[in-house]
Amino acid sequence: MEHFRSDAIIMRVRDHRESDLIVSFMTRDRGLIRGIAKGARKSRKRFVNCLEPLTLVLMDYHLKGERGLYLLDGCRLVDAFPGIREGFAPLSLASYVLELLEVLFPANVVEPRAFDLAKATLGFISRGADLEKVRVLFEGRAMALGGYAIDLSKCCLCNRKYTGKGGGVFLPQKGKLSCLNCSAPDERQPPLTAQAISGLRAVQGGAWESLRHLDLGPEDLKQIAHALKLHVAYRIGKRLKSTRYL
Ligand SMILES: [Zn+2]
């Protein structure tokens, strides 16, 4: 029998039969996994404080053999991200983070960078970072890792290469950039300044550290946030329940 030990983020926990729990968790090395914690409702000895959604744990588990179901042997709490539970706004954003990740990286899709992003994002939220900024960082990077990066290399209508000078227009239906000659910005297809485009490129590329040095003014941040909100809504919005609380 093969046993595994993974860094994991607890996604969902629900009751199963009289004494068990069904736990879904995102691992760094094996993607999203669902497992049964036998007897965990009656005795949490093997799972002290760690079967709570939105916690980072070290999980021990093995494959039960049938239908890809796992049995959980035990786990150790690594980070409970306590700041997340201190308010409705951080908790809503953190729930949205998990939900978007579940849609973008379902079971059998292994993307360690998505796990690293989730861990970093929950850490930022817990430590009280600016939630609007955290949301932008997370959404842009998660969508890019999931195969939905916004193409910022050219105008999608006239194919003119975007050289980094001047602004553009984001077209949510296409998930692409248009130049200002081809499209006029309005509420449904928002403008992006040159700064916003370069910020969005950095976010999509996962430049977490350099973002601190990136000159992102509040207006640029607002533009990126608006574009990403429309982008997520067009690509996968209907499948997300938590967005209504944001
Ligand atoms: Zn054009």
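1. Helix H5 has the buried residues Asp 220, Gln 223, Ile 224, Ala 227, Leu 228, Leu 230, His 231 and Val 232. A residue is called buried if 20 or more other C-beta atoms, placed from the backbone, lie within 10 Å of its own, exposed if 12 or fewer do, and partly exposed in between. Helices (H or I, at least four residues) and strands (E, at least two) are DSSP runs numbered from the N terminus.

2. The model is predicted: local features need pLDDT of at least 70, side-chain atom pairs count only at pLDDT 80 or more, and totals for chains, interfaces and linings use all residues. Residues are numbered from 1 along each chain as its sequence is written.

3. Helix H5 covers residues 218-236. Its 19 residues reach 26 Å from the first C-alpha to the last, close to the 27 Å expected at 1.5 Å a residue; the expected span is 1.5 Å times one less than the number of residues. The cover over the buried residues of H5 includes H3, S6, strand S8 (191-192) and helix H4 (194-205). Two residues are in contact if their C-beta atoms, placed from the backbone, lie within 7 Å.

4. Helix H1 (residues 88-104) packs with helix H2 (residues 112-126) at an angle of about 175 degrees, their axes lying 10 Å apart. Axes are lines fitted to C-alpha atoms, for helices over the stretch in contact, and angles run from 0 to 180 degrees between N-to-C directions. H1 is therefore roughly antiparallel to H2, a term for angles over 145 degrees. H1 contributes Pro 90, Leu 93, Ala 94, Val 97 and Leu 101 to the contact, and H2 contributes Ala 114, Ala 118, Thr 121, Leu 122 and Ile 125. By class, this contact has 9 nonpolar, 1 polar and no charged residues. Here Ala, Val, Leu, Ile, Met, Phe, Trp, Tyr, Cys and Pro count as nonpolar, Asp, Glu, Lys and Arg as charged, and the others, Gly among them, as polar.

5. Arg 17, in the loop between strand S1 (3-16) and strand S2 (20-27), has a positive phi near 50 degrees. Asn 159, in the loop between helix H3 (131-145) and strand S6 (168-171), has a positive phi near 65 degrees. Most residues other than glycine have a negative phi. Arg 17 counts as exposed because it has 10 C-beta neighbours inside 10 Å, and Asn 159 counts as exposed because it has 9.

6. The protein chain contains 5 helices and 8 strands. Of its 246 residues, 33% count as buried.

Note on methods:
Angles under 35 degrees count as roughly parallel, over 145 as roughly antiparallel, 65 to 115 as roughly perpendicular and the rest as oblique.
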